Amino acid sequence: MEPITYSKDLPLFFSIFIFVYLLGYLFIFNKWTPETRPLASSCLISLLHGVSAVVLATNALFSDPNRGFSSVNTRSQNSVLDFSSAYFLADLVHLAVFPSPAGGDSLFAAHHAAVLFVFLTCRYMVAHGACALLALLVVAEATSACQNTWTLADARGKDAPLAVSLHRFVTVPFYASYSVCRCVIAPLLIVKMTWFYVSGGADDVIPRWVWVSWTVVIVTAVTVSILWIWNLWVLFFQERYSKFTKKVK
């Protein structure tokens, strides 16, 4: 078992995310409206995190021959946990400094704080179970590129024809891929992981209260994601139905 160490990765990654956020806010999106610049900058670091996390987490998982739901964290797996923790910390700063006019920040902040609890306890308290969390991270972030493109295009507004076309183009692929990942793959993985823990497979290395709290956070997050994408599909088909009825009339 590797000793639990407090590496410099977390502050380093946090600095990188803050730098990229400021790069987006001050330069890349400096001509956007005051309301959309913070959101666009947040999407930029989300995009950086999502794409990178999928690659890094996949590599960390497949490079571990002893991977399992209760296996000891490897150095590369701990690095990915630090990387993702740094992103959620940086985005929490964004939420604190630039509250959204549309609201909903409390839900996002609660999500970020809960995920941070899961990652940090895995990384710095029990030093086991990263494989389970990183597998879920890969599933969760697999749609990051499509989702952030969709969000950025929507934020750009209807006054930008290219953004409108891009938003229309990515909507169905994003909804479909997100639905598969969050409504099918993630629940199957959660059931398998939870059954392993309930059966006592990790009792000797992960305290019961820890994996129970992980499960509660993960199930809650996935449930909210399912409700969110369901609502988007409902709105999507309502719009299509409305346009169809207008054509018929």
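Author: A residue is called buried when its relative accessible area is under 20%, exposed when that value is over 50%, and partly exposed in between. The model shown above is predicted, and its residues can be read with these cut-offs.

Reader: Is threonine 171 buried or exposed, then?

Author: Threonine 171 has a relative accessible area of 7%, so it is buried. Its place is in helix α7.

Reader: Which side chain forms a polar contact with that of threonine 171?

Author: The side chain of tryptophan 150 does, in a polar contact of 3.4 Å. A polar atom of the threonine 171 side chain also lies 2.5 Å from the backbone oxygen of histidine 167.

Reader: What span does helix α7 reach, and what span is expected?

Author: Helix α7 has 38 residues, and the distance from its first C-alpha to its last is 52 Å, close to the 56 Å expected at 1.5 Å a residue.

Reader: Where does α7 bend?

Author: The bend, of about 35 degrees, is at valine 170, and proline 173 follows within four residues. A kink of about 25 degrees in α2 is centred on alanine 53.

Reader: Tyrosine 178 also lies in α7. Is this residue buried or exposed?

Author: Tyrosine 178 is buried, because its relative accessible area is 4%. Its C-alpha is separated by 9.0 Å from that of isoleucine 226, a residue 48 positions apart from tyrosine 178 along the chain.

Reader: How does one find empty space in a model?

Author: A probe the size of a water molecule is rolled over the atoms, and this shows where empty space is left. In this structure, the second largest pocket holds about 520 Å³ of space. Of the 17 residues lining that pocket, the closest to its centre are Asp154, His167, Arg168, Thr171 and Glu239. The elements giving two or more residues to the lining are α6 (144–156), α7 (161–198) and α8 (208–248).

Reader: What kinds of residue make up the lining of the second largest pocket?

Author: The lining divides into eight nonpolar, three polar and six charged residues.

Reader: Which glycine takes a positive phi just after α7?

Author: Glycine 200 does, with a phi of about 90 degrees. This glycine is found in the loop between α7 and α8. Its relative accessible area is 28%, so glycine 200 is partly exposed. The C-alpha atoms of glycine 200 and phenylalanine 27 are separated by 52 Å, and the two residues are 173 residues apart along the chain.

Reader: Where is alanine 160 placed?

Author: Alanine 160 is in the loop between α6 and α7. This alanine is buried, because its relative accessible area is 13%.

Conventions. Residues numbered from 1 in each chain as written. Predicted model: local features only at pLDDT ≥ 70, side-chain atom pairs only at ≥ 80, totals over all residues. Heavy atoms only, no water. 1 Å grid on protein atoms, 1.4 Å probe; cavity = no way out; pocket = protein on both sides within 12 Å on 5 of 7 lines; lining within 4 Å. Points joined across faces, edges and corners; volume = space filled by probe spheres on them. Nonpolar A, V, L, I, M, F, W, Y, C, P; charged D, E, K, R; others polar. Expected span 1.5 Å × (residues − 1). Bend = angle between axes of the 7 residues up to and from the residue. Buried < 20%, exposed > 50% of the residue type's maximum accessible area, 1.4 Å probe, protein only. Polar contact = N/O pair within 3.5 Å; in protein donor to acceptor, adjacent residues only side chain to side chain.
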